[in-house]
Amino acid sequence: MVTFGVDTHKRNHTAVAVDERGRELGSHTTGTTSADHLRLLAWARRFGEHRTWAVEDCRQLSRRLEGDLLAAGERIVRVPPKLMAHCRTAARTYGKSDPIDALAAARAALREPDLPTAHLDDESRNVRLLMDHRDDLVAERTRVINRLRWHLHELDPALDPPARSLIQPKQVLAVTAFLDGREGIVARLARQLLARCRELTMTVRELEAEITALINRLAPALLDVPGCGALTAAKILGETAGITRFRSKSAYARHNGTAPLPVWSGNRVRHRLSRMGNRQLNVALHRIAITQAHYHPEARAYLERRRQAGDTSTESIRVLKRRLSDVVYRALLRDAHPAEESPIQLAAVA
């Protein structure tokens, strides 16, 4: 068995072949087109028919390479960059280069036999692309509104639209009427910014409608979780990128940053919030937890029991998020295998 570690970049990829003991057998650098990938595969076949590709988990750069190799029937594992860093530190070579990084990826794959296997992207990637585009447009709209507010303040300090109201048709019409007939550069820029804000709002709402329809089809069980709306479910589905790649609910909790971290000191035994993991997933779970803490009777009762037992508000929310991680994990598994009729608990404290 030969393992090929691959360090991926925008313009080129470098592969290093190692044997079962991690000894380097050869290296090859190629471009990033499909023709280049075929030449890379032809080079790899010189070392035998039993191959595993260990690719640095940076999918924006490696997606095309993974697709070409999977189409050719190759086996690919994804290596987290932090594992490569450990291998570089322990290596006898110094410095950092593409061959060194590729060698580190191969040796990390040999040391960690249970790394996730790459597969072709499913519809969850489409959800993530739509959500990322929506987030970019919302951020752009916020910047436009901030500039517009300064221009409106300069034209009339008494005009102060309420917060988050410039995306509402009624308030937009009122500001449009205020700007009509006014002369000067400031008024002209304000009209242009207001038109841009209206355009962005329409695009965002169209995206939200598309995302909602997609989520209703892909994740009905996730939408049944109390406190999980369509946009939150879309964020979870897109950031998870395939629930089947996690071997257990604990591995998923580690990935989303809800697994507790021990912070013992002397005789005091306690845990704190994790600051590791996917922060976008963590925020989505936090949003569900806060919603349940306000409106879900079972969650409110559970939080009250934790506080009576001595937990602070922060600690009780942390425990609720950890339970919600398991609920979301089961819901995603149900959505990934809709033919299975095993029941799932939708409340974190059921």
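## Asp122 and its loop

D122 sits in the loop that connects α4 (98–111) to α5. In this predicted model, D122 counts as partly exposed because its relative accessible area is 39%. Along the chain, D122 and R334 are 212 residues apart, and their C-alpha atoms are separated by 16 Å.

## The second largest pocket

Two or more lining residues come from each of α5, α7, α9 and α13 (313–336).

Among these elements, α13 gives the most to the lining of the second largest pocket, namely three residues. By class, this lining consists of five nonpolar, five polar and four charged residues.

## The largest pocket

The space in the largest pocket amounts to about 1500 Å³. The lining comprises 41 residues, and those closest to the centre of the pocket are D57, P80, R245, F246 and H255. At least two lining residues are supplied by each of α2 (59–71), α3 (81–90), α5, α9 (230–240) and α10 (249–256).

The greatest contribution to the lining of the largest pocket is that of α5, with five residues. Sorted by class, the lining of the largest pocket has 16 charged, 14 nonpolar and 11 polar residues.

## Glu239 in helix α9

E239 is part of helix α9. Is E239 buried or exposed? With a relative accessible area of 7%, E239 is buried, because the value lies under the 20% limit. When neighbours within four places in sequence are set aside, the contacts of E239 are R128, R245, H255, N278, Q280 and L281. Two of these contacts of E239, R245 and H255, are also among the residues closest to the centre of the largest pocket.

A separation along the chain can also be given for E239. The residues E239 and T14 are 225 residues apart along the chain, with 28 Å between their C-alpha atoms.

## Two non-glycine residues with positive phi

R164 is not a glycine, yet it has a positive phi of about 60°. This residue lies in the loop between α5 and α6. R164 counts as exposed, because its relative accessibility of 72% is over 50%.

A241, likewise not a glycine, has a positive phi of about 55°. The position of A241 is in the loop between α9 and α10. In contrast to R164, which is exposed, A241 is buried, with a relative accessible area of 17%.

## Helix α6 and its two faces

Helix α6 spans residues 169–179, and its buried residues are Q171, V172, V175, F178 and L179. Viewed down the axis of α6, these residues fall within an arc of 120°, so they line one face of the helix. The packing partners of the buried residues of α6 are α5 (123–155) and α7 (185–218).

The face turned away from the buried side of α6 bears the exposed residues P169, K170, L173 and A177. Just after the helix, G181 adopts a positive phi of about 85°.

## Ala253 in helix α10

A253 is found in helix α10. Its relative accessible area is 0%, and A253 is therefore buried. Apart from neighbours within four places in sequence, A253 is in contact with T258, A259, R322 and S325.

One of these contacts, S325, lies 72 residues from A253 in sequence, while the two C-alpha atoms are 6.0 Å apart in space.

## Cysteines

How many disulfides does the structure hold? The structure holds zero disulfides. C58 has 28% relative accessibility and so counts as partly exposed. C197, by contrast, counts as buried, because its relative accessibility is 1%.

Key:
Residues are numbered from 1 along each chain as its sequence is written. This is a predicted model: local features need pLDDT of at least 70, side-chain atom pairs count only at pLDDT 80 or more; totals for chains, interfaces and linings use all residues. Side-chain values use heavy atoms; hydrogens and water are left out. A disulfide is a pair of cysteine sulfur atoms within 2.5 Å. Buried means under 20% relative accessible area, exposed over 50%, partly exposed in between (1.4 Å probe, protein chains only). Helices (H or I, at least four residues) and strands (E, at least two) are DSSP runs, numbered from the N terminus. The arc is that of the directions from the helix axis to the C-beta atoms. Contact means heavy atoms within 4.5 Å. On a 1 Å grid over the protein atoms alone, a cavity is a set of points where a 1.4 Å probe fits but cannot get out, and a pocket is an open set with protein on both sides within 12 Å along at least five of seven lines; lining residues have an atom within 4 Å of a point. Grid points are joined across faces, edges and corners, and a volume is the space filled by probe spheres set on the points. Ala, Val, Leu, Ile, Met, Phe, Trp, Tyr, Cys and Pro count as nonpolar, Asp, Glu, Lys and Arg as charged, and the others, Gly among them, as polar.
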